[in-house]
Amino acid sequence: MDEAFTLLLTGILVCLALLIHWGSRKTSVPALVGYLILGFLLRVADGPGQFLTEPIVTRLDFLANIGVVVLLFRVGLHSNLAALLQQLRTARAIWLGNVLLSGVAGYLTAHYLLGFATLPSMYVAVALTATSVGVSVGIWEESEALESSAGQTLVDVAEMDDISAVILMSVLLAVTPALQTGSSDAILSAVFRAGGVVIAKLLLFGGFCYAFSRFGERPLTRLYARVAPMPDPMLMLVATGFVIAAFAGLLGFSIAIGAFFGGLVFSRDPEAVTLTRPFAVLYDLFTPFFFISIGLHIDPPALITATTGGMVLFAAAALGKFFGAAGAALSSFGWSGAVLLGVSMIPRAEIAMILMRQGQQLGDSVVPPGAYAAMVFVAATTCIVSPLILRPLLDRWAKQPQRETEQE
């Protein structure tokens, strides 16, 4: 009975997710906001009937985990490390400014204004360092401004944000047990030990991925392409990415970290990226389940009580990214370009919520319901408010004389 109901529920959710995705194209609101609301409404509807049994929730969580792997695989796949290294001199000041200011603002706000314990405040801080570049990039593309120097810098900085956030996430998840159980005198040494172990494992795993990318990826990709026509090679590449993600899990990292590295393995090869174009189908199928799962695990009373905290965190999230990015970009792009970059860096979504979701799975001492609900509020509001501000600013900027000169 549970299997049949799970199948029915999955089909309904896929259909609703497709409708939400279609509707998001007609507005400035990203589809992920609709997915979050859909998951929360499913939780509310479960209140009277209790139809979401534990086996059904477990199966939905499994689909959500596949969504995490697919999502981070895509982030890694579209990250160009070689290009980022070339642009490091231009983008690093903006990257450092927005990451440091948003992280510090997030921690101070969570710990001192909202009264969260040290560990939940650290999770909030790391989550707020990431940027959901997809929310802003679409608007830059519509305004035909993405090819400008400011637009390219936006993409570079956002990719650097994601990479640094993934690294910080892996370290934080690794040292969480030490932070949970250690005494005040032993915490520092335990964190250093755990941090040393995770960095060593990260270097080992990263070295394996680099060696595979350097010597094994291209022959494997060409073999996949010869074995069968589309879309089979894409499925083989994704399967290889899943295997890499699983290895990361076996090493003690999260599968999300492994999926990101799996995407990086293939990102350097244009042929591999071409083969993964049909990957969008898997992305659209599974990624909504991750955000639906986030909404499903929100406790309705916690969301009501977390509204005030969410508004405070939203202010810290928006101001930290805006001033961190705009302040560092002012000398290179002037006032108008700096404001555009600052507003474009505000949205938080995928990586921020992946970290909060994994922290929640470790227990309320790591990410309590109030902190989780507040961060869901931040993700939704930043993804709604930023595009509403960004679109008219970009339209005005595109008409300026210096913008026309830059395009030439």
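**Overview. The protein chain has 18 helices and zero strands.** Helices (H or I, at least four residues) and strands (E, at least two) are DSSP runs, numbered from the N terminus. This is a predicted model, in which local features need pLDDT of at least 70 and side-chain atom pairs count only at pLDDT 80 or more, while totals for chains, interfaces and linings use all residues. Residues are numbered from 1 along each chain as its sequence is written, and side-chain values use heavy atoms, with hydrogens and water left out. Of the 408 residues in the protein chain, 51% count as buried; buried means under 20% relative accessible area, exposed over 50%, and partly exposed in between (1.4 Å probe, protein chains only). The protein chain exposes about 18400 Å², and 68% of this is supplied by carbon and sulfur atoms. Accessible areas come from the Shrake-Rupley method with a 1.4 Å probe; for residues, only the protein chains shown count as cover. Among contacts between residues at least 6 apart in sequence, 82% join residues at least 24 apart. Contact means heavy atoms within 4.5 Å.

**View 1. Helix α3 (residues 54–77) crosses helix α11 (residues 255–267).** The two axes come within 6 Å and cross at roughly 35°. Axes are lines fitted to C-alpha atoms, for helices over the stretch in contact, and angles run from 0 to 180 degrees between N-to-C directions. The crossing of α3 and α11 is right-handed. A crossing is called right-handed if the near helix is turned clockwise from the far one by less than a right angle, and left-handed if anticlockwise. On the α3 side, the contact is made by N65, V68, V69, L72, F73, V75, G76 and L77. On the α11 side, the residues are I255, A256, A259, F260, G262, G263, L264, F266 and S267. By class, 12 residues of this contact are nonpolar, five are polar and none is charged. Ala, Val, Leu, Ile, Met, Phe, Trp, Tyr, Cys and Pro count as nonpolar, Asp, Glu, Lys and Arg as charged, and the others, Gly among them, as polar.

**View 2. L63 lies in helix α3.** L63 has a relative accessible area of 17%, so this residue counts as buried. Leaving aside neighbours within four places in sequence, L63 is in contact with T10, F286 and F289. L63 and T287 are 224 residues apart along the chain, and their C-alpha atoms are separated by 8.6 Å.

**View 3. Helix α6 (residues 118–129) meets helix α16 (residues 350–361).** Their axes come within 8 Å and cross at roughly 160°. Because of this angle, α6 is roughly antiparallel to α16. Angles under 35 degrees count as roughly parallel, over 145 as roughly antiparallel, 65 to 115 as roughly perpendicular and the rest as oblique. The crossing of α6 and α16 is right-handed. Helix α6 contributes Y123, V124, V126 and A127 to the contact, and helix α16 contributes A352, L355, M356 and G359. Seven of the residues in this contact are nonpolar, one is polar and none is charged.

**View 4. Helix α8 (residues 149–181) crosses helix α15 (residues 307–344).** The axes come within 12 Å and cross at roughly 150°, which means that α8 is roughly antiparallel to α15. The crossing is right-handed. S149, A150, T153, L154 and D161 of α8 make the contact with K321, F333, L341 and S344 of α15. The classes here are four nonpolar, three polar and two charged residues.

**View 5. V339 is part of helix α15.** With 27% relative accessibility, V339 counts as partly exposed. Neighbours within four places in sequence aside, V339 is in contact with F322 and L393.

**View 6. H297 sits in the loop between α13 (279–296) and α14 (300–305).** Not counting residues up to four places away in sequence, H297 touches R43, V57, D61, R357, Q360 and Y372. One of these, Y372, is 75 residues from H297 in sequence and 9.2 Å away in space, C-alpha to C-alpha.

**View 7. R214 belongs to helix α9 (residues 187–227).** R214 is partly exposed, with a relative accessible area of 44%. The C-alpha atoms of R214 and D269 are separated by 9.7 Å, and the two residues are 55 residues apart along the chain.
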